[in-house]
Amino acid sequence: MDADVWRVIFTDNAQTIEVRRPANFQMSAGVNSAAGQVCANLEQHSVREVSDSLARLPPATRQVIEVVNINVDPRYFQNNATGQSSPYYMSATWSGGEVAVYPVCHEPDDTYRTGTLAHEAGHLVAFEAFGTDLTAGGWPRWQQAGARDGRTISNYAAATILEDFAETY
């Protein structure tokens, strides 16, 4: 991806995160946004907004994030399991510590953006700890524990084992 790159340095844990914004990003009106809506104008995220949200994360949560790509065309990242473009506000890669932030019809507030970054960090922790094969590693134990408990931390966590871990994290 041809992009402008900033390196954001956090002094509390001496971490550097690359924040990338595509050079000359253009997305026409009327396309499906990250939220699956069709809107006339997509809200563009700024480097400052994303950097400020990263700074609000606890250092241990932020530590798993290496790169954030902002204002990414939703077709840039495809779901590894389905091959489909991501219809979400953010997504995490299966490896490499990378998070994508997509354009949206109505930009969420700082609290929501920060919480979503923490959720995506949860995915990165899960992939590192349990791997990407949902039938191996720690995933079967996580699934068995969830079945015994019979509860999830949120409605979104009930969607998949991946979302259950990320929401719980």
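## Leu 54 and its neighbours

Let's start at Leu 54, which, once residues up to four places away in sequence are set aside, touches Phe 10, Ile 17, Val 19, Arg 62, Ile 65, Val 68 and Leu 117. Please keep in mind as you look around that this is a predicted model.

Val 68 brings us to strand E3, which covers residues 67–70. In a regular strand, side chains alternate between the two faces of the sheet. In E3, Val 67 and Asn 69 point one way, while Val 68 and Ile 70 point the other way. Are these residues buried or exposed? Both pairs are buried.

E3 has pairings with E2 and with E5 to look at. Strand E2 (residues 15–22) runs parallel to E3 and is joined to it by 3 bridges; here Glu 18 has Val 67 of E3 as its bridge partner. Strand E5 (residues 98–101) also pairs with E3 in the parallel sense, over 4 bridges.

## Thr 116 in helix H3

Now for a residue of helix H3 (residues 110–130), namely Thr 116. Its relative accessible area is 12%, so Thr 116 counts as buried, the cut-off being under 20%. Which residues does Thr 116 contact, leaving aside its neighbours within four places in sequence? They are Tyr 89 and Met 90.

## Helices H4 and H5

Two packed helices are described by the angle and the distance between their axes. For helix H4 (residues 139–149) and H5, the axes come within 11 Å and cross at roughly 80°. Because angles of 65 to 115 degrees count as roughly perpendicular, H4 is roughly perpendicular to H5.

On the H4 side, the contact is made by Trp 139, Trp 142 and Gln 143. H5 brings Ile 161, Leu 162, Asp 164, Phe 165 and Thr 168.

Methods
Residues numbered from 1 in each chain as written. Predicted model: local features only at pLDDT ≥ 70, side-chain atom pairs only at ≥ 80, totals over all residues. Heavy atoms only, no water. Buried < 20%, exposed > 50% of the residue type's maximum accessible area, 1.4 Å probe, protein only. Helix = DSSP H or I, 4+ residues; strand = E, 2+ residues; numbered from the N terminus. Pairing = 2+ DSSP bridges. Contact = heavy atoms within 4.5 Å. Axes fitted to C-alpha atoms, helices over the stretch in contact; angles between N-to-C directions. Parallel < 35°, antiparallel > 145°, perpendicular 65-115°, else oblique.
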